[in-house]
Amino acid sequence: MRIVLVGPPGAGKGTQATRLAEKLRIPHISTGDLFRANISQQTELGKLAKSYMDAGNLVPDEVTIAMAKDRMQQPDAENGFLLDGFPRNVSQAEALDELLQGESMKLDAVLDLEVPEDEVVKRIAGRRICRNDSSHVFHVTYKPAAKEGVCDVCGGELYQRDDDSEDTVRKRLEVYHTQTEPIIDYYKTQGLVTTIPALGSVDEVTTRALEALKGGSDGA
Ligand SMILES: [Zn+2]
């Protein structure tokens, strides 16, 4: 099964991608991992990507697409893959279609994780991280520390990352609306999109996504 997972920041896309890939026994291909792997292995593409990143520029689509192509041709992706973070705009989606057509393959499904905007802001802007250990993560509403501002695990000071501020979240959402959301319409014309409400527990969302994929393969 070849799947694209789409959703705004804060939708739990990474978590769902990992779980779905495991259940479906296909590799989870995320752009973040692609970049890290290519850069650490010092591939030509990795060096190229790094030169853009070091200069503070965005990595051009061609480079991302070439990395994705390499990855999709590895043996473990023979029976499919789940793409997370790619494509992130219509031109990447078009390039992906071309790439798949070249291999006589096509996508089976596009899952669109849907979360109300205010919920996204609440989820992200409420995060508090421990200064001693960034794996000690709390949330003012969903996982409050016993004592406000103090880490339950080690007593460290809790703070909000700049990336998690409401302003930054709203800006990231705007980028998502203008750049990434148009790919949902693009895939709708191909009849591939299923919208998954991404509210409720992580398990509930995974179950919904798996049900949707099952339905799709029955032609329902
Ligand atoms: Zn801590």
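How do the residues of the lining of the largest pocket divide into nonpolar, polar and charged? They comprise 20 nonpolar, 18 polar and 11 charged residues, where Ala, Val, Leu, Ile, Met, Phe, Trp, Tyr, Cys and Pro count as nonpolar, Asp, Glu, Lys and Arg as charged, and the others, Gly among them, as polar.

## Basis of the model

The model is predicted: local features need pLDDT of at least 70 and side-chain atom pairs count only at pLDDT 80 or more, whereas totals for chains, interfaces and linings use all residues. Residues are numbered from 1 along each chain as its sequence is written, and side-chain values use heavy atoms, with hydrogens and water left out.

## The largest pocket

A pocket is an open set of points on a 1 Å grid over the protein atoms alone, where a 1.4 Å probe fits, with protein on both sides within 12 Å along at least five of seven lines; lining residues have an atom within 4 Å of a point. The largest pocket has a volume of about 1,500 Å³, a volume being the space filled by probe spheres set on the points, which are joined across faces, edges and corners. It is lined by 49 residues, of which Pro8, Pro9, Lys13, Arg88 and Arg172 are the closest to its centre.

Elements giving two or more residues to this lining include β1 (2-6), α1 (13-24) and α9 (202-217); helices (H or I, at least four residues) and strands (E, at least two) are DSSP runs, numbered from the N terminus. The largest share, five residues, comes from α7.

## The second largest pocket

The second largest pocket has a volume of about 220 Å³. Among its 14 lining residues, Leu34, Ala37, Asn38, Arg71 and Gln74 lie nearest the centre. Two or more residues each come from β2 (28-30), α2 and α4, and α2 gives the most, with four. This lining divides into five nonpolar, six polar and three charged residues.
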